[in-house]
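Please view the sequence and the structure before reading on.

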Amino acid sequence: MGHNDNSGTIRYVSNAGTISANGGDAAGTHAHAGGIAGHSDGTVQYACSAGNASATASGTSSSCSAGGVVGYNIGSVTYYYYSGTGNAVDGGTEGSEPYASLDAVVAASHLAWAKDNSGNLVLLGMDDNAPRTPATWNDLHDALALGGYIKLTATVTYGTGGGTYESSELIVPSGVTVTLDLAGHTIDRHVGNTAVLSGYVIYVTGNLTLNDSGTGGGTLTGGNTSGNGGGVLVNGTFTMNGGTITGNSAKFYGGGVCLSTGTFTMNGGTITGNITAQSGGGVHINNYCTFQASGSATVTGNKRIAETVETVNNIYLSNNSNINVTGALAGSIGVTMNTPGVFTSGLPGKGTAENFTSDDATYAVGLTEACEAALGYTVTLTAGAGMTKTSGDGAQFILPGSSMGDVVYAANDGYCFQTDYASLVTTNGITVARVSDTQITVSGTPTANTTLALAGATAKSKSSPTP
């Protein structure tokens, strides 16, 4: 747009192209180039510019200005996102330097700039104290596309607003950064019981931070997709600091959240009451993806329902993925692994095994020697009468496929292990073996959580046969 006069308002516009203005060498020319408007006397709102603006003028007493959003600004510019560049080359005599002196700052900080009515270059920033407050689905869709700070003041329900996007899924586009504060309110996709394609609540290919200020209670709900990610489908960066993702479903992966590619950081909030038919009732973490947890992050109460079989399924970790604990952890997270074993990194000093539960009762959560959390097996031994443990640990946590440490028991004075001694021959891969009349050894590779109560040694007496 070349000129926006005092009576005009430019709203909901975007530009990804190249804008240029050339004043030539005539005297007194003024060249103004902007990603949205070259010259603005009015109001520019909700503008998104990823394009490049350039202006040149070489005549006597000429001037030029180039801005990512507006080149020469007398009006106001609010609520915008800019990631392009501006460049001005002024060969005239007006001004002590070309109006491109802040171009390096502009490019580095992703801020837009313009020339004001006093002839000064002004950096324009997004005002966190004046967030956009969309009240309809259509307006929320637009706000997410533009980026910046969004704060809800009421429940936003799918199908409202009467605009182009009232019946579209919410999207945070690639290259766009959004901070979304639920502020105790709900975003309801309102799909119903029949899954639909793209039936998720929000699709993130850019960067989304989810907060829930005030007294809390904000939710993302109502998603039901025939694909992945009923609540949030992530192919970018998603940070959750608060709020609750609940009441969402996915036919395949991630009833609450599906991290397909990218990073999911959970510093707080709750993911509960979501369902999948495959894996990750609460959260599905794909191969080689990064899931980071700290604070009060809680993922519990989610399910996998396949036909009529219902099982607990909270976070599903695919191969080559884990939970990176980045700060003190106070929440609770249920874990399912494609291949059970170690599932945390960075846990020491920030949390314990008690912060996690195994979704599958076949496994227990324990700590490795490096104090990282893992899914494995517990072996608990109880000595019988007339014996004493002389080496080994009677309570062990063993990683799947690994052997337990041998545990040795000796007969007390006046007791012996007779030739036919056997408490259990082999149970869940664990064997109790008589070594001599005074010693037994428990060893093996467990295949399940196992508790063994060892039979007591036999008291010697005159009537007792010689072992």
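A residue is called buried under 20% relative accessible area, exposed over 50% and partly exposed in between, with a 1.4 Å probe and protein chains only. The model is predicted: local features need pLDDT of at least 70, side-chain atom pairs count only at pLDDT 80 or more, and totals for chains, interfaces and linings use all residues. Residues are numbered from 1 along each chain as its sequence is written, and side-chain values use heavy atoms, with hydrogens and water left out.

**Cysteines**

A disulfide is a pair of cysteine sulfur atoms within 2.5 Å. A search of the whole structure finds 0 disulfides. The table presents two cysteines.

| Cysteine | Relative accessible area | Closest cysteine sulfur |
|---|---|---|
| Cys-258 | 2% | 8.2 Å, in Cys-289 |
| Cys-289 | 7% | 8.2 Å, in Cys-258 |

Cys-258 is buried, and Cys-289 also counts as buried. The sulfur of Cys-258 is too far from that of Cys-289 for a bond, because 8.2 Å lies between them.
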